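These notebook entries record what I looked up, in the order in which I looked. I began with a pair of packed helices and then turned to a pocket.

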Amino acid sequence: MCGIVGAYLRAQPCLRSLVRGLRVLEYRGYDSVGVGVIQDGAIVVRRKAGRIEELERALADGALDDAAIGIGHSRWATHGPPTDQNAHPHRDWLGRIALVHNGIIENYQELRVELERRAIPLRSQTDTEVLAHWVGIELESSGGDLAEAVRRALSRVRGYYAIAVLSGGERPQLVASREGPPLCVAILPDAAWLASDPLALIEHTRDVVFLEDGDVAELAPGKLVVRRLDGSVVTRASHHLDYDAEAADRGGFAHYMLKEVHEQPDVVSRALFGRVDEERGDVRFEEELLSDATLRAVTRVQINACGTALHAGMVARYLIEGLAGVPVDVDYASEFRYRRPVVVPGTLALGISQSGETADTLAALRLARELGCRQLALCNAVGSTMVRASEATILLRAGPEIGVASTKAFEAMLVASVLFAVRLARARGKLSSAEGRALLGELSQLRIGLEHMLTREVVAGIRALAERFTQARGFLYLGRGINFPIALEGALKLKEISYKHAEGYPAGEMKHGPIAMIDPDLTTVVIASKDSVASKVRSNIEQIRARGGPVICVGDDPESLEVADERIVVPSVSPWLSPLLNVVPLQLFAYYVALARGCDIDKPRNLAKSVTVE
Ligand code: F6R
């Protein structure tokens, strides 16, 4: 959600780089934005509610253009509304330091009372300003050493944060710390950079250092000193990012979402690369956690995730139970973490997340570990908190996903789920090598079907259909079996980017309530694959049509397609793989409804790309 950038350059101006960095982080969602720089030894801050363009207008006088050291922030309001006053950076009461912050200071009320007792004036409603004053207080007792002041201030803080702090004067200092949200730094001979997302650093370097929870780093050109809160020095290894800068721009598509939908054939190939053992009909993973011996000891799988990742987890349940015969529970991470889950010995906790920073998913994974589960992550973000906190990871390899609505990461989650289910089934002797070979062979060929769904002709047909149905009062998405989660995902995509009301349901539940809503103004999208429940799906379609409800059928079951009003024909594959194809027309349908309605598709209102707070 919020984004942090920072720069300490030797004799070069930093302002433009800071603003460019904030632009890269725009996709995360924000409602105000600001920068703080050192100008002639003094800290100067400019902050604005609204978009980056507002900030650019506030910087247009050029007064800060020569500054070489600065921090920037895009805020997604938690404490206090999105106003200029509440935007970051915040300064201490004497203006000696400026601080930007992602996350939440849980005990800020307690700290605030103490500040009031010391008659320190508070100018905003944020928890961040409270921390800025505490750093200011500690700066006095630390002899002007900012890193020490930050360590002392943070030892009074309870919360979940990533911060960057700047101090002026004769010896300018830039300090960063994290406890929860991600933060990474990059040191070059003439520059030091920091950002909450490595994507904001790739225009400068691919070699970054991810700070660990509890690290306090002091940065300057050619210099990085990382200490723990107790002052002990630690070394942190540098990671090479294999992102390519071009991957982070729209590549000629009107929106990132559309570009990412079109990347899915490549995403599938990348996710499979080097992992398929054709001869043995098995999947190769390096991790010990995915070895035969460990997987044979698994008694149950507990999946925790949120949103689209949860829908991938629901598909994974059908795959794992169906192929490997291991019982699976799937939970909203936000529910799992707050109930008292009963976890049987031998349970493997499976966390699924694109960002690897979703607060609820991380908390659920932590709880599962405390309850004795081993932990596996399906995650897209190398170096994310989730990857570092889990025993093993299946990296999704989808590349950076910029569109807020998750598409290609979902596809990669489905691929990873198939791979994991096959590995588990092979390890437990539930799938023969011939069966494994057949399924993996089909998966390796899946890109042909995906490419077909993305041809100009098919996309134009889906667009025309979407435009015709844009006026519908609402949408009901129905699916059965392994395609029930795809109905949920289709409905989620539509509502989040087009703001049309849409609900996903298991088709068999229709008679238990939703059927009452059927009329000519409610469009039902039915996913119909040629599988063991195809005839039941077909009769659902007939029941809806008998009540005057228009039906769009998506899938490969010829008889269901035949009885519907409208159809999107999807190439036939094994029912286990059908979700990977069926979701694509639903993503495109949502996209074109949103486009016809003039919505801000890559930045839907009220949504953030990465939900790092509850
Ligand atoms: C929907 C969407 C969200 C995310 C959810 C989990 O398009 O993007 O529902 O799927 O917030 O995010 P990750 O996968 O980063 O944990």
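Is the crossing of H9 and H13 left-handed or right-handed? I worked from a predicted model, and there I found the crossing of these two helices to be right-handed.

**Entry on the helix pair.** I noted that two packed helices are described by the angle between their axes and the distance between the axes. For helix H9 (residues 307–324) and helix H13 (residues 408–427), I read an angle of about 25° and axes 9 Å apart. Because angles under 35 degrees count as roughly parallel, H9 is roughly parallel to H13.

**Entry on the contact.** I then listed the residues through which the helices meet. On the H9 side they include Thr308, Ala312, Val315, Leu319 and Leu323. On the H13 side I recorded, among them, Phe410, Met413, Leu414, Ser417 and Phe420.

Next I looked up the largest pocket, which has a volume of about 820 Å³. It is lined by 41 residues, and the closest to its centre are Cys306, Gly307, Thr308, Ala309 and Leu492.

**Entry on the lining.** Which element gives the largest share of the lining of the largest pocket? I found that H9 does, with seven residues. Strand S19 (328–332), strand S20 (347–353), helix H11 (359–370) and helix H17 (484–498) are among the elements that each supply at least two. By class, I recorded 20 nonpolar, 12 polar and nine charged residues in this lining.

Note on methods:
Residues numbered from 1 in each chain as written. Predicted model: local features only at pLDDT ≥ 70, side-chain atom pairs only at ≥ 80, totals over all residues. Heavy atoms only, no water. Axes fitted to C-alpha atoms, helices over the stretch in contact; angles between N-to-C directions. Helix = DSSP H or I, 4+ residues; strand = E, 2+ residues; numbered from the N terminus. Parallel < 35°, antiparallel > 145°, perpendicular 65-115°, else oblique. Left-handed = near helix turned anticlockwise from the far one by under 90°. Contact = heavy atoms within 4.5 Å. 1 Å grid on protein atoms, 1.4 Å probe; cavity = no way out; pocket = protein on both sides within 12 Å on 5 of 7 lines; lining within 4 Å. Points joined across faces, edges and corners; volume = space filled by probe spheres on them. Nonpolar A, V, L, I, M, F, W, Y, C, P; charged D, E, K, R; others polar.
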